[in-house]
Amino acid sequence: MIDLPSRYNPKDTEDKWYSIWSDKGYFSAKVNPDKKPFSIVIPPPNVTGILHMGHALNNTIQDILVRYHRMIGEEALWMPGTDHAGIATQNVVEKSIAKGGLKRQDLGRDKFIERVWQWKELYGSTIIHQLKKLGASCDWQRTRFTMDDVYSKSVLEVFVRLYEKGLIYRGSYIINWCPRCQTALSDEEAPHHDLNGNLYHLKYPLKDSPNEFVIVATTRPETMLGDTAVAVNPKDKRYKLLIGKYLILPLVNREIKIISDPIVDMKFGTGAVKVTPAHDPNDYAMGKKHGLEFINVMTPDGRMNSLAGDYQDMDRFEAREVILEDLKVQGFLEKVQPHHLSAGHCYRCHTIIEPYLSKQWFVKMKPLAKPAIEAVKKGRIKFFPSRWTKVYLNWMENIQDWCISRQIWWGHRIPVYYCKHCEDVVMVSATKPEKCTKCGSCDIYQDEDVLDTWFSSWLWPFATFNWPKDSADLKYFYPTSALVTAPEIIFFWVARMIMAGFEFMGDIPFKDVYIHGTVRDIEGKKMSKSLGNIIDPLEIINEYGTDALRFSLISITSQGQDVYLSKERFEQGRNFANKIWNASRFILMNLDPAQIRVDLCQYSKNTELSLINRWILSRLYSTLKEVSGNLKAYRFNEAANLLYNFFWHEFCDWYLEMIKPEIHKPENQVVMYKVLEKYLRSIHPFMPFISEEIWQILPHEGESIMTSSYPHIQQQLIDKIAEEKMSFVFEIITSIRNMRQDLDIPVTTKINCVIATANKTHLELSSQLSPLIKNLARVEEISVEEKYVHLRSSITSLIKDTHVTVPLEGLIDIDIELTKINSRIIQTEKEIGNKKKMLSNMEFLKKAPDEIVENVKTRLAELTEALKKLKAVKDGLR
């Protein structure tokens, strides 16, 4: 007998096993020509990051894949690292020094960057330590940082190559500007959110007829100070005679021309729009087309500048209110209408962005997009779920140039140099030039801007292997096998990595892209500090254990669907871990190690296994076959639930209960042990700690479950006939239990049963396994008959072609029972009516989260089935 402690305590095992795995180098991967490579690069968390449920889900999925592929004999590498997260990290350090009354400008660029590096050394590895708590089996000795020396050389090399190829250029354009972070943002970094705003109708007087007005409609009246024209559609008959005339811009008294342009929407507002080329992307295009003046009326921090006249130094939104009041007083404000609008917001600080005329660096994206589009269309890269393919292609086929310069200090400084004496000289180099290429002066300086953070992370799949150096690792592990990521960074990161892969490696960066859903609270709201609905994964680990967290998350995560979480959801994982522990403890207490050291395949050939043992082995291998298929298709929850149902219901509820009376029989000892040992290996990728702890106590071969092989599918032991036979027996047992339960007959009360069937196989099976049925269904006497005869005062259940009847004479009071059942029928019908009413309510269907709607549908199906059973019981009692 081998004993396990009576209770499983994750705190006793998790740190212990993680240290052992790490110390023994089980996470490391190396070039191995004898093995097929499997590689994943981690989506690098921000160096400022703290583990949240999104990280927990994403990294659990990756760890399952890596552990599984490691166990099936592949050289599995999970490349870890962190992202320098330019704006986010700079913001954190700026807040830190602000506590001492300092701004970054007080320190100067070099000293401030020193402070950021110091912060990074102190706090930057927090997320790494937390990922280790999650059980992440990354090859930590390879950990990369997007600003480490070697990686930085890769970034600069890419900039130089793209510039020399004519794919990087500099120009003054309207960009998304964050006044809070004071930097440019790409379109993807400025997501639009719906707002309740106003549409302001302003009266612009005609120069030659001051008492006549053109009314323009705008949502941003503060930008009127930079107006240089009013535009109308050339087809708009209302304004045909006014085209070419001049207006006087209120408050500023500047003459502006009425121009015509087909871009103007005749149905928006009055059909006349103010044109502010320095503050709107459409107006910018019109300004270029019509040769208008560009007047920027704001400073980088969102305040009005000297060109704004009396409104100088006012915040843009403060200026809006003062300007509107002045327009009203002077008679130029026609009306104000409530208006729903969509405005871009900074993805880091959520400030409303300002369309802003600025000189920036850009990458031409259309030439890079072509091979990346083709690769997905031809199926060289597959998205899971496949619906994301359309989303990806739609964005790629309408791709815009990428603004890559940022007006911050923390990041890869743009490798562009200028001569103080030659205004027209631009030198692009990965290293600082010694002198000006035109005049020979050494008085040169570097561009102040840094590169967008994503400009470094789009190189992640190959730069992590020290590209452009042609290393053995790069040749072996690239292209990587799969990418696991969230939907919100398909454009930021996934699409750009595919483009970079083709441009610099001439090949795809990964074969599969698995997009998981967003983690939400149980009501469907996204988790956030402001809503107070965050569930901290570290708290869950502390309370329930890492395996419980991992298994709970995975088992409820359908492919690509959002995840709805409550703290109670993690009880499922904890309960399952306890079930595995308790069942293993029971087996170990009854196991004779001397009897189990046999080859299962050979043993099954030489021994006539019982139907029960043939069944459990067949179910084990059938399950493992399905699990492997689901893992390869990225259906993680289906794989997890198959393993859960097999262990809890088939192995524990049925098999162990069936063999209990003869548990020490040699055949049962062998099969019981083999199933448990193989199951522990199969559940290991999902629940690494408890599987290792139990496996180490079981008789085993090898140092660790981590380095053992995934159970090989013994196809010859899959016996569908045995499965069908036992399924029939279980249905009989379950039907008897249900009949007992439906009529509230206590488990301690012995009942009799009649099984009647004309099917010879079922007849023989019922007779052969009647002792088993009697034991598990708590039946005193079983009569097996060829012909069904209806008995008075009895209840019958029909299973396929077999009648299972329980005589009720002397067991219950029929009249009292009929009264109870009638009451339950009325209650069930009432509840069915309520559920149907909910599902016919369009408002409920529109507003309720999908999971809630599905729960109502499921409950309705359960109630309908329950009502059917109640009516059948009632008919039997009559």
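Leu 162 touches Leu 167, Ile 168, Leu 368, Phe 455, Trp 458, Glu 503 and Phe 504, leaving aside residues up to four places away in sequence; contact here means heavy atoms within 4.5 Å. The model is predicted, so local features need pLDDT of at least 70 and side-chain atom pairs count only at pLDDT 80 or more, while totals for chains, interfaces and linings use all residues. Residues are numbered from 1 along each chain as its sequence is written, and side-chain values use heavy atoms, with hydrogens and water left out.

Leu 162 belongs to helix α7 (residues 149–164); helices (H or I, at least four residues) and strands (E, at least two) are DSSP runs, numbered from the N terminus. With a relative accessibility of 1%, Leu 162 counts as buried (buried means under 20% relative accessible area, exposed over 50%, partly exposed in between, with a 1.4 Å probe and protein chains only). A separation of 68 Å lies between the C-alpha atoms of Leu 162 and Ala 594, which are 432 residues apart along the chain.

For the protein as a whole, 30 helices and 29 strands are found. Its C-alpha atoms fill a box of roughly 110 × 65 × 55 Å along the principal axes. Of the 878 residues, 54% are buried. Among contacts with a separation of 6 or more, 77% come from residues 24 or more positions apart.

Turning to the strands, two of them pair if DSSP finds at least two bridges between them. Strand β7 (residues 192–205) runs antiparallel to strand β13 (residues 333–344), and 11 bridges join them. Asp 194 has Ser 342 as its bridge partner in β13. Strand β7 is also joined by six bridges to strand β8 (residues 213–218), again antiparallel, with Phe 213 of β8 as the bridge partner of Pro 205.

Axes are lines fitted to C-alpha atoms, for helices over the stretch in contact, and angles run from 0 to 180 degrees between N-to-C directions.

Two helix pairs complete the picture. The axes of α21 (residues 611–632) and α23 (residues 666–683) come within 10 Å and cross at roughly 10 degrees. These two helices, α21 and α23, are therefore roughly parallel to each other (angles under 35 degrees count as roughly parallel, over 145 as roughly antiparallel, 65 to 115 as roughly perpendicular and the rest as oblique). Residues of α21 in this contact include Leu 617 and Tyr 621, and those of α23 include Val 671 and Lys 678.

Helices α28 (residues 814–839) and α30 (residues 850–877) pack at about 155 degrees, with their axes 9 Å apart, and α28 and α30 are therefore roughly antiparallel to each other. By class, the contact of α28 with α30 has 15 nonpolar, three polar and 10 charged residues; Ala, Val, Leu, Ile, Met, Phe, Trp, Tyr, Cys and Pro count as nonpolar, Asp, Glu, Lys and Arg as charged, and the others, Gly among them, as polar.
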